[in-house]
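Subject: Structure handover

Hello,

Please find the structure below. My notes on what was found in it follow.

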Amino acid sequence: MSFPEVQRLLHLMNVEMDQEYALQLFQAADTSQSGTLEGEEFVEFYKALTKRPEVQEVFENFSADGQKLTLLEFVDFLREEQKEGERASDLALELIDRYEPSDSGKVRHVLSLDGFLSYLCSKDGDVFNPACLPIYQDMTQPLNHYYINSSHNTYLVGDQLCGQSSVEGYIRALKRGCRCVEVDIWDGPSGEPIVYHGHTLTSRIPFKDVVATVAQYAFQTSDYPVILSLENHCTWEQQQVMALHLTEILGEQLLSTTLDGLLPTQLPSPEELRRKILVKGKKLQTLEEDLEEEEEEEVLESQLEGEQEAKPELEAQFESEPQELSPRSKDKKKDKVVMCPPFCMPICCQIMVQAPSSKHESLLFPKQKCKPIMCPSLSALVVYLKAVSFHSFTHSREHYRFYETSSFSETKAKSLIKEAGNAFVQHNAWQLSRVYPSGLRTDSSNYNPQELWNAGCQMVAMNVQTAGLEMDICDGLFRQNGGCGYVLKPDFLRDTQSSFHPERPISPFKAQTLLIQVISGQQLPKEDMTKERSIVDPLVRVEIFGVRPDTTRQETNYVENNGFNPYWGQTLCFQVLVPELALLRFVVNDYNWKTRHDFIGQYTLPWTCMQQGYRHIHLLSKDGTSLHPASIFVHICIREGLEGDES
C-alpha cells in the first residue's frame, strides 16, 4: 500500500490524523524503503497506530521494569485498583493463564503488556461483573418479589393504530427475555378468536397461532414462567374456543390448578413454576371457592359411585339432574352445566335463584343453562393471577387476596407514586402490579420504567418494538441474572411494613459517591457510513437513573476528528442516595453544534452489577446489537457516603 492508499484506509477506519505524523509512522514501518507497506511492514504500522499509551501508563505504574507484571505486582493491581479483595491472589493466576499470549510467561506467572491489554478488553475486564451474568439471585421467593420483564401489546410490530399484528412480535419478545406477554382477543370469523388492537386499523391474527407461537418459544431463552396477560373481549362461545386452544396447544406447559392442589398462602416462586405458562385475566370467583368446589366435587363423585353400586336404580335420577352435581367439572375440555354467580347471570336467572322454592318452580322458572359474561372453562385457567380493578390501597388490603393483581396506566401509576408512594411500595410487597403505556402513545413510544420500578411495580410493560433510551434502561436491568426475565427486588421493596418512599428516600439506605474517569475510546463508528468524508467528534455522557434525587447526567468535552482512539481523561462525580435502584447508561455521541448530537453507541447496566477499577465498556447500537470492537476505557471508583460527608 502506498501512503495515499494508507491515508484513504485510515479515513475509512474513522481516523483523521496529522499528515506529517502519519507519514512518520509510515516511513518507520517501511523498512524496505520501497515507498509501500507490504506484509509485516503493514502489521508494524498498524501496531504503532493502535498503541494504547493510556494502558501502557497504567501497566508501568505497577511494573518494576516496565516490561512485565510479576505475579505479586499483578495481585497488587487487582487488589488496589480492581477492588478484587481476598480473591486477588487466586484470580491473578487464573487471568495470567487465560490472557498471557506467551507460554514462557504462563510458566513464569508473569503478564506482558499484550496480556495485560487482553485482560482489560475481556469479559473479566468488562464494566459488567461476570458474576452477575449467570443466574445468581435467589429464585425461590414469591413472584411478587421480582421485577418481571414485560411486553405491552406484544402482537404489534409497529404503531398502535395501523401497525401490523404478527406472531413475530411474540417471538422477538420471548427471545429477548420477556416473561409477560399481552394478548388482546376479540371475536373472529368462523368461530375462531382473533388478536388485534381493538377499534383500530391494526391487522389481525388467529388466537390459536399466538398460543402455538408461545408454546414453541416460551422457554428458548429462559426456563422461568411465562405469563399470558389476556385482554378478553370475546363472547361466551369464543371464550370456550380460547380455553380449548390454551389447554390443547399448551398441554402440560399450562398451569391450570395450584401446584399441590391446596390453598396457597403466598404466590409460588419462579423456581417452583419453571417451564410453566400462567394465565392472567378475569375470574368468576375466588381461588378458595374453586378449590372448595373441587373438593366437594370429589366427595360427591365418590358418594355417587357408592350409591350407584348399592342402588343402580338411582342412576337415572342423577343423570336427569346434572346441574345438582357440581359447579365445575374436572374435565375442562367438556362442556359443563354451571350455576352462575348472580353478578354474571341474566336477570331472569337471578330472579329464579332469589325466588322461594315451590313445587311449581319448574313451571314458573324453567331450568336453563345460563351463559355468564365469562366462560367458566376459561375462568378456571386463571389460577394465581386473577385480574381485579384497583380502587385504593386501603380497599385492596381489606378486600383483595395475594393472588389478585391490578393494572395501572402509566399516568395513574405515576400519580399514585406522588400521592402515596409508600403505600404503593407496601402494596407491591404483597401483590403483583402491572403498568402499561398511556393510550396517547399511538406511535408505540415508551415511558421510563425506572420510576415504576422505584415503587416496586413488577410488570412494567414496554413497547419492545421501539428502540431508544427507555428500552436501553429495560434491557440494562434484565441483562443480569442470566437474562432470565426475573430480577429480585431490593429487600426494602419486599417488606410489607417498609418505610421507603420513592419520592423522598431517607435512611437507612446507604448513600455512595461514584467517580468515573472517562479515559479513552476505541474504534468508534460513524453515525452515517454513507458519508465517507465525515469523521466523528466524540463525547461521552454518563447518565444515572434511579430515585428522583439520583437521576442526573454529566458529559465530557468532545474530541475533534478522532473516532479511532480519542482521549478525554476527564473525571465525572455522582452522588447517589439509593444505589440499589440505580442504573448507569454510558452514551457516546458525535458532537454537532448545529443540531442534536448524533448517537454512536451506548451501554446500560445496574449499579449493583458494576465493577470498579480500569474497565472497558463495549458499546451497543440503537437496537441493542454489539458494535464490536467499539468501546470506551474508564476508571471507576465507589466511595461510601456522600462527597464531603465526614463519616
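In the packing of two helices, V55, Q56, V58 and F59 of α4 meet L113, F116, L117 and L120 of α8, where contact means heavy atoms within 4.5 Å. Helices here are DSSP runs of H or I with at least four residues, strands are runs of E with at least two, and both are numbered from the N terminus. Sorted by class, this contact has seven nonpolar residues, one polar and no charged ones. Ala, Val, Leu, Ile, Met, Phe, Trp, Tyr, Cys and Pro count as nonpolar, Asp, Glu, Lys and Arg as charged, and the others, Gly among them, as polar.

The model is predicted: local features need pLDDT of at least 70 and side-chain atom pairs count only at pLDDT 80 or more, while totals for chains, interfaces and linings use all residues. Residues are numbered from 1 along each chain as its sequence is written, and side-chain values use heavy atoms, with hydrogens and water left out.

Helix packing

Two packed helices are described by the angle between their axes and the distance between the axes. Axes are lines fitted to C-alpha atoms, for helices over the stretch in contact, and angles run from 0 to 180 degrees between N-to-C directions. The axes of α4 (residues 53-62) and α8 (residues 113-121) come within 10 Å and cross at roughly 110°. This makes α4 roughly perpendicular to α8; the cut-offs are under 35 degrees for roughly parallel, over 145 for roughly antiparallel, 65 to 115 for roughly perpendicular, and oblique for the rest. The crossing of α4 with α8 is right-handed, meaning that the near helix is turned clockwise from the far one by less than a right angle.

For α9 and α10 (residues 207-217), the packing angle is about 25° and the axes are 9 Å apart. That makes α9 roughly parallel to α10. α9 also passes α10 in a right-handed crossing. Y170, I171, L174 and K175 of α9 make the contact with V210, T213, V214 and Y217 of α10. By class, the residues of this contact are six nonpolar, one polar and one charged.

Single residues

D76 lies in helix α5 (residues 71-80). D76 is partly exposed, at a relative accessible area of 34%; buried means under 20%, exposed over 50%, and partly exposed in between (1.4 Å probe, protein chains only). Leaving out residues up to four places away in sequence, D76 touches F62 and E81.

N153 is not a glycine, yet has a positive phi of about 40°. N153 sits in the loop between β3 (146-151) and α9 (168-175) and is buried, with a relative accessible area of 3%. R275, also a residue other than glycine, has a positive phi near 60°. R275 is in the loop between α11 (236-250) and β8 (277-281) and counts as partly exposed at 42% relative accessibility.

The peptide bond from H628 to P629 is cis, with omega near 10°. P629 is in strand β21 (residues 626-640).

Whole chain

The protein chain has 20 helices and 21 strands. Of its 647 residues, 51% are buried. Among contacts with a separation of 6 or more, 71% are between residues 24 or more positions apart.

Regards
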